[in-house]
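Here is a friendly walk through one model, from its surface rings to its charged pairs. Please keep the viewer open as you read.

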Amino acid sequence: MRSIARRSIWLRTYARLKRWEEEERIVRAEMQWTVKCFHYRAAKWRKWANSAQLAGAKAEALRTSAMWSAMAQHCETAFAHIVTVRKP
């Protein structure tokens, strides 16, 4: 009877470990996706700024691009000890 209880406890603990390992992989991937998404959006806004005809539209696009770049930089700094993100 004792061995069944121990085996049951071990199996539950092992399953919990595997769930946490999967969660860690998912969170690391989400961190990388977040930084890549911010870089992508910054590049997209820079492209729009280069094609803007009006000064106000260009200024707004550059401001938005700078915001996305700053967010990407902040995330890279915050996530640096956890994941390495290659810039696109």
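## Terms and model

A residue is called buried under 20% relative accessible area, exposed over 50%, and partly exposed in between, using a 1.4 Å probe and protein chains only. The model is predicted, so local features need pLDDT of at least 70 and side-chain atom pairs count only at pLDDT 80 or more, while totals for chains, interfaces and linings use all residues. Residues are numbered from 1 along each chain as its sequence is written, and side-chain values use heavy atoms, with hydrogens and water left out.

## Helix α2 and its partner

Helices here are DSSP runs of H or I with at least four residues, numbered from the N terminus. Helix α2 covers residues 55-79, 25 residues in all. Its first and last C-alpha atoms are 36 Å apart, close to the 36 Å expected at 1.5 Å a residue; that expected span is 1.5 Å times one less than the number of residues.

What do the buried residues of α2 pack against? Their partner is α1 (2-51), with contact meaning heavy atoms within 4.5 Å. Among these buried residues are Trp68, Cys75, Glu76 and Phe79.

## Aromatic pairs

Rings of Phe, Tyr and Trp (its six-membered ring) pair if their centres lie within 6.5 Å; planes under 30 degrees apart count as stacked, over 60 as edge-to-face and the rest as tilted. The structure has three such pairs. In one of them, the ring centres of Trp10 and Tyr14 are 5.1 Å apart and the planes meet at 10 degrees, so this pair is stacked. The two residues are four apart in helix α1, about one helical turn. Trp10 is exposed at 51%, while Tyr14 is partly exposed at 38%.

Trp45 and Trp48 make an edge-to-face pair, with 4.7 Å between centres and 80 degrees between planes. Both are partly exposed, Trp45 at 26% and Trp48 at 40%.

## Salt bridges

A salt bridge needs a side-chain nitrogen of Lys or Arg within 4 Å of a carboxyl oxygen of Asp or Glu. How many are there by this rule? The count is three.

In helix α1, Lys18 and Glu21 lie three residues apart and their side chains meet at 3.1 Å, N to O. Glu24 and Arg28 are four residues apart in that helix, with closest N and O atoms 3.1 Å apart. Helix α2 holds Glu60 and Arg63, bridged at 2.7 Å; Glu60 is partly exposed at 37%, as is Arg63 at 48%.
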